[in-house]
Amino acid sequence: MDSRTYNPRTVEEVFRDFKGRRAALIKALTTDVEDFYNQCDPEKENLCLYGFPSEQWEVNLPAEEVPPELPEPVLGINFARDGMQEKDWLSLVAVHSDAWLLAIAFYFGARFGFDKADRKRLFNMINELPTIFEVVTGAAKKQVKEKSSVSNHSGSKSKSSSKQRAPESQSRQSKPSQPKEEDEELDEQDDDEHGETLCGACGEHYGTDEFWICCDICEKWFHGKCVKITPARAEHIKQYKCPSCSNKRARP
């Protein structure tokens, strides 16, 4: 529990703390969803989902001290598990997780005397990232699609047929020679399209020279490292299913 007592003191440190906890919670609700589901047994006592700056998550009982040293996540997430569809339950946990992250970030801000400018800067940094709810429900991906132009959208569909994205340098090398101006325009369109894509696991944007793979079921894109798929392994996958789609099954 040492991770709970970590005290960031600057805007950058609080944001780093926020990103670590956020990544942990997204992992619990996406790539580790089956393990998370099984740990939230309704027969157990009030359980909470914790995310730590180290990007590790755990399901545990709430802190015993009253009042707690840090704001606590919502109680009793396990009690609602079997009373609704799994996707709705995960969405509910995601919403409360977003609220908890903001509570912790601004708790630190108040504790260490952030002024109006610091609070605004912290919020703007946080607001640049999709919420956990948006990542879990796919809303972040829908927002990206709405922003994309028709040409970029069709280009994305053509890429999805291969279900994997090569590093930027390789994709450029494979292009046939063409006039310099036309080549630069295509590169800019390609960069814009990639830059707006979000990883379905960590919620981060596409970066150059990163390997990505697309799920054939939900059509979400993932960093290869987030789902533990290498380019070599992807070559032998006929139909890729992300961890969330692979773990989906009928719930009692």
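Reply: Two packed helices are described by the angle between their axes and the distance between the axes. The axes are lines fitted to C-alpha atoms over the stretch in contact, and the angle runs from 0 to 180 degrees between N-to-C directions. Please keep in mind that this is a predicted model. Here, helix α3, residues 86-111, packs against α4 at an angle of about 155 degrees, and their axes are 11 Å apart. Because angles over 145 degrees count as roughly antiparallel, α3 is roughly antiparallel to α4.

Me: Which residues make the contact between α3 and α4, and what is the handedness of their crossing?

Reply: On the α3 side the contact is made by Leu102, Ala105 and Phe106, while α4 contributes Arg119, Leu122, Phe123 and Ile126. The crossing of these two helices, α3 and α4, is right-handed.

Me: How do the axes of α1 and α3 cross, and which residues of the two helices meet?

Reply: The axes of α1, residues 11-29, and α3 come within 10 Å and cross at roughly 165 degrees, and the two helices are therefore roughly antiparallel to each other. Their crossing is right-handed. From α1, the residues Val14, Asp17, Phe18, Arg21, Arg22, Leu25 and Leu29 take part, and among the residues they meet in α3 are Leu90, Val93, Ser97, Trp100 and Phe108.

Me: Is α1 roughly parallel or roughly antiparallel to α4?

Reply: For α1 and α4 the packing angle is about 30 degrees, with the axes 10 Å apart, and that makes α1 roughly parallel to α4. The contact is made by Val11, Glu12, Val14, Phe15 and Phe18 of α1, together with Asp118, Arg121, Leu122, Met125 and Ile126 of α4. The crossing of α1 and α4 is right-handed.

Me: What span should the 26 residues of α3 have, and what does the UniProt annotation cover?

Reply: At 1.5 Å a residue, α3 should span 38 Å, and since its end C-alpha atoms are 37 Å apart, the model agrees with that expectation. The unreviewed UniProt entry annotates residues 89-110 as a "transmembrane region", and over this stretch the chain is 100% helix and 0% strand, with end C-alpha atoms 32 Å apart. After α3 comes Gly113, whose phi is positive, near 70 degrees.

Me: What is found at the start of α4, and how far does this helix reach?

Reply: A side-chain oxygen of Asp115 reaches to within 3.2 Å of the backbone nitrogen of Ala117 at the start of α4. The helix itself, residues 116-127, has 12 residues and reaches 16 Å from its first C-alpha to its last, close to the 16 Å expected at 1.5 Å a residue.

Methods:
Residues are numbered from 1 along each chain as its sequence is written. This is a predicted model: local features need pLDDT of at least 70, side-chain atom pairs count only at pLDDT 80 or more; totals for chains, interfaces and linings use all residues. Side-chain values use heavy atoms; hydrogens and water are left out. UniProt positions are given in the numbering used here, feature names are shortened, and annotations may be inferred rather than shown by experiment. Helices (H or I, at least four residues) and strands (E, at least two) are DSSP runs, numbered from the N terminus. The expected span of a helix is 1.5 Å times one less than its number of residues. A polar contact is a pair of N or O atoms within 3.5 Å; within protein, one must be able to donate a hydrogen and the other to accept it, and residues adjacent in sequence count only if both atoms are side-chain atoms. Angles under 35 degrees count as roughly parallel, over 145 as roughly antiparallel, 65 to 115 as roughly perpendicular and the rest as oblique. A crossing is left-handed if the near helix is turned anticlockwise from the far one by less than a right angle, and right-handed if clockwise. Contact means heavy atoms within 4.5 Å.
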